[in-house]
Amino acid sequence: MTSAPSSRADSPADEGPAPAAEPIEPVDSLILHSTDNGVSWLTLNRPDAMNALTWDQRERLIGRLADASADPDVRAVVITATGKGFCAGADLRGPPPAGGADGGARVAGDVARMIRNGAQRFIAAVLDCEKPVIAAVNGTAAGIGAHLAFACDLVLAAESARFIEVFARRGLVPDGGGAYLLPRLIGPQRAKELMFFGDAVPAAEAARLGLVNRVVPDGELAKTAREWAERLAAGPTRALALTKALVNASLDTDRGTAFAAEATAQELTMTTADAQEGVASFVERRRPTYRGR
């Protein structure tokens, strides 16, 4: 699937889109995919454009995340990128026109619909993926690229990585879930500081703020991501999926609702083969062997 050049933006804030005349390559070459040891690796591969995200790349990533949820042989996901950029935002040429079906002028509601069906749907696909998702941030993550990283369950960053809330620089509000994600990660005042000023946040500072789990030397990013992902892939997959859902929901619910969800999740987990293996291994004093079932 390819996307024709367009003058409109998927998410209006872009850090560095490529010139409109440049042809867009087939999406299969722009989103590299492989599965190894139960880990699905999704790699953005537009290094010359700092991995600015096109419409068809976004759709392919959404599809791959849904596939990972449904595939019992996939037990963890890593999202990373080639080159010096993780994702510089949305590519200006990315989506089909946001106007009417005939390509006419935009009317009230078009932009909101575009955001709901585009950037927000994309971030929701990461949050709702039933497998743990690791972001291995190899370079600049700006705009929707930063929100892609923050939506992941765990964030590893290379020392050269940086995170930028570019929207205010363009006279825009954050989209792609930014105003939802950041206050939950670092609190409202810190989130406002990043969003109001749009300053680049180096990896070490991002870790101090709580946006990143760990910072590693650039040359060790892939190795560390593989180690973490394979540890997750060797774990009790359904228990991890339900744990992820409980934590994500807990930030939006009261205590009673959270406790009820926890009890239900534990009852569901206890029916899995992995839970039975976990209890048996404890009794038998041996290391458990989980199979994701």
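**Close-up 1. Arginine 184 and the ring of tyrosine 180 in the predicted model**. The charged end of arginine 184 is placed over the ring of tyrosine 180, at 3.8 Å from the centre of that ring. As in the views that follow, the coordinates shown here belong to a predicted model.

**Close-up 2. The aromatic pair of phenylalanine 150 and phenylalanine 163**. One aromatic pair is found when the whole structure is searched. Its members, phenylalanine 150 and phenylalanine 163, are stacked, with 5.5 Å from centre to centre and 25° between the planes. Phenylalanine 150 belongs to helix α4 (residues 144-151), whereas phenylalanine 163 belongs to strand β8 (residues 162-164), so the pair ties together parts that are 13 residues apart in sequence. Phenylalanine 150 is buried, having a relative accessible area of 6%, and phenylalanine 163 also counts as buried, at 2% relative accessibility.

**Close-up 3. Helix α9 (residues 237-250) and its span**. Helix α9 comprises 14 residues, which at 1.5 Å a residue should span 20 Å, and this agrees with the 20 Å that separates its end C-alpha atoms.

**Close-up 4. The buried face of helix α9**. Thr237, Ala241, Leu242 and Lys244 are the buried residues of α9. Viewed down the axis of the helix, these buried residues fall within an arc of 155°, and they therefore line one face of α9. In an α-helix there are 3.6 residues a turn, so residues three or four places apart point the same way. The elements against which the buried residues of α9 pack are α3 (110-128), β5 (133-137), α10 (255-269) and α11 (273-283).

Key
Residues are numbered from 1 along each chain as its sequence is written. This is a predicted model: local features need pLDDT of at least 70, side-chain atom pairs count only at pLDDT 80 or more; totals for chains, interfaces and linings use all residues. Side-chain values use heavy atoms; hydrogens and water are left out. Rings of Phe, Tyr and Trp (its six-membered ring) pair if their centres lie within 6.5 Å; planes under 30 degrees apart count as stacked, over 60 as edge-to-face and the rest as tilted. Helices (H or I, at least four residues) and strands (E, at least two) are DSSP runs, numbered from the N terminus. Buried means under 20% relative accessible area, exposed over 50%, partly exposed in between (1.4 Å probe, protein chains only). A charge sits over a ring if NZ of Lys or CZ of Arg is within 6 Å of the ring centre and within 35 degrees of the ring normal. The expected span of a helix is 1.5 Å times one less than its number of residues. The arc is that of the directions from the helix axis to the C-beta atoms. Contact means heavy atoms within 4.5 Å.
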